[in-house]
Amino acid sequence: MSKPLFVDIILPVPLPRLFTYSVPFDLAEQVAVGKRVVVPFGQKKMYSGLIKTTHHNAPLEYETKPISSVLDDEPVVNLKQIKFWEWLADYYQCTLGEVYKAALPSGLKMESETRIIYNADFEAEESLTPNETKVLDVVTSKKVCTISEINQLSGIKNALPIVKRLLDYNALFVNEHLKESYKPKVEKMVSLHAECSTETMVQKAFGLTERAPKQQELLMTFITQAGGLKKALANQQVGRAELLERADVGASVLKELINKNILSITEQAVDRLDLSEKEVAVAHPLSAIQQTAFNQIKEGFAQKDVTLLHGVTSGGK
C-alpha cells in the first residue's frame, strides 16, 4: 500500500506559515504543484488554496484535514512564479498568503464568503448536471449570494468545485469581475439640430431668437466656434463648457435653443491620454551641481549596479 500523501497549501490569509493537508486516495493522481484545491479552514470556512509542495511527511504537531477537491486540470501557477512569490514575501516582509492574494486574479480566489453573481445573459451550450442546475437555481433566485449560502440552500456540502465549473461556463461571476475602476471621461458636445440642417433653416433660427438676444448670441458663438456656417452645417461639434464660457451665458440659454430644435447635445468619450504629436523640447542644461552629481552617478555605475543618490526631499533629485 502506498504511503499517505500530503500537500503544503498557500492560503490567502496573512499567517506566516503554510498549512499541511492530507490527500484522499481518490484525489492522489489529481494533485500537483500550482493547482488549486478546496480545503476547510477553521470551523466553517472553505478556501481555494494553492499547492506549493507534495510529500509523505505527516506533521507532528497537529492532525491533518483532507483536501475536499481539486479545482484545476492543469496548474494555474508554475514553479518560477512560486519562487518569485517567495522572493516578494521576503523582500517586502509579508506572508506568502498575502502575495498569493494580491497576485492571483479575483476569479481564481474563492472562499466561503466570496460573493457570486448570476449572469443574466448566460445560455447553456450543453445540458448541466443536476448539481450544477441546483447551484445555478440558487444563485438565480438570490441574484447575489456567498458560497456559504449556496452550500446551505442547495444542500451540497461543498459547492466550490461546482461554482468553479459554472464560472468557467460564464454562468456566474465573482463580484470583483463586475467592478470597473476605470470610467471613461465623457464630454458634452453641441451641434446643430437635425431640423436645422440648411442655411435657410439657420436663418429661420436667428429669426426665432430675435427677441432673445442671449440665445442669438449663443447661436452666433456656436457657429463661430464651429469654424463657420459650412462646418456647422456639416455637423461640426463644439464642447458645451467652452461654448458657454465663450458666449458668457448660462446653461438655461442653451437649454432653450435645444428645446427649440436649433441645437442638440450629445456625449462622447474623451481619451484621457493626449496622443497628439508635439514638438520635442530640448532638455535644459544641467547646473554645475547637477552635472557633478551626474558624473558621480556614471562613475558609480561603472563599478557597481547600484548607486545611492542622497539629498533632501523635494530637492530636485
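Trainee: What lies 3.0 Å from a polar atom of the Q216 side chain?

Mentor: The backbone oxygen of F206. Keep in mind that this is a predicted model.

Trainee: Where does Q216 sit?

Mentor: In helix α7, which runs over residues 213-226.

Trainee: Is Q216 buried, exposed or partly exposed?

Mentor: Partly exposed, because its relative accessibility is 26%. The cut-offs are under 20% for buried and over 50% for exposed.

Trainee: Which residues does Q216 touch, sequence neighbours within four places aside?

Mentor: F206, T209 and E210. F206 is also the residue whose backbone oxygen lies 3.0 Å from the Q216 side chain.

Trainee: And V253, how far is that from Q216?

Mentor: They are 9.5 Å apart, C-alpha to C-alpha. In sequence the separation is 37 residues.

Trainee: Switching to charges. How many salt bridges are there?

Mentor: Four. One of them pairs D72 with R36, with the closest N and O atoms 2.7 Å apart.

Trainee: Where are those two in the chain?

Mentor: D72 is in the loop between β5 (69-70) and α1, and R36 is in strand β3, residues 36-41. They are 36 residues apart, so the bridge links distant parts of the chain.

Trainee: Buried or exposed, that D72 and R36 pair?

Mentor: Both D72 and R36 are buried.

Trainee: What does K52 pair with?

Mentor: E86, with 2.9 Å between the closest N and O atoms. K52 is in strand β4 and E86 in helix α1. That pair also links distant parts of the chain, 34 residues apart.

Trainee: How accessible are the two partners, K52 and E86?

Mentor: K52 has 18% relative accessibility, so K52 counts as buried. E86 comes out at 33%, which means partly exposed.

Trainee: What about K164, which residue does its side chain meet?

Mentor: D168, in a salt bridge at 2.9 Å, N to O.

Trainee: Why are D168 and K164 separated by about one helical turn?

Mentor: Because they are four residues apart in helix α5, residues 160-168. An α-helix has 3.6 residues a turn, so residues three or four places apart point the same way.

Trainee: Is K164 buried or exposed?

Mentor: Buried, because its relative accessible area is 15%.

Trainee: Now E132. Where is it, and how accessible?

Mentor: E132 is in helix α3, residues 130-142. Its relative accessible area is 2%, so E132 is buried.

Trainee: Which residues are in contact with E132, leaving aside neighbours within four places?

Mentor: I162, R165, L166 and Y169.

Trainee: Next topic, α2. Which of its residues are buried?

Mentor: L96, G97, V99 and Y100. They lie on the same side of α2, because they cover an arc of only 160° around the axis.

Trainee: What covers them?

Mentor: The cover includes β1 (5-10), β4 (45-55) and α1.

Trainee: Last one, the surface. Which residues form a nonpolar patch?

Mentor: F84, W87, Y91 and Y92. Together they have about 520 Å² of accessible area.

Trainee: Where is Y92 found?

Mentor: In the loop between α1 (79-91) and α2 (96-103). Y92 counts as exposed, because its relative accessible area is 55%.

Terms used: Residues are numbered from 1 along each chain as its sequence is written. This is a predicted model: local features need pLDDT of at least 70, side-chain atom pairs count only at pLDDT 80 or more; totals for chains, interfaces and linings use all residues. Side-chain values use heavy atoms; hydrogens and water are left out. Patches are made of residues with over 30% relative accessible area and no salt bridge: like charges are joined within 9 Å, nonpolar side chains (Val, Leu, Ile, Met, Phe, Trp, Tyr) within 5 Å. Accessible areas come from the Shrake-Rupley method with a 1.4 Å probe; for residues, only the protein chains shown count as cover. Buried means under 20% relative accessible area, exposed over 50%, partly exposed in between (1.4 Å probe, protein chains only). The arc is that of the directions from the helix axis to the C-beta atoms. Contact means heavy atoms within 4.5 Å. A polar contact is a pair of N or O atoms within 3.5 Å; within protein, one must be able to donate a hydrogen and the other to accept it, and residues adjacent in sequence count only if both atoms are side-chain atoms.
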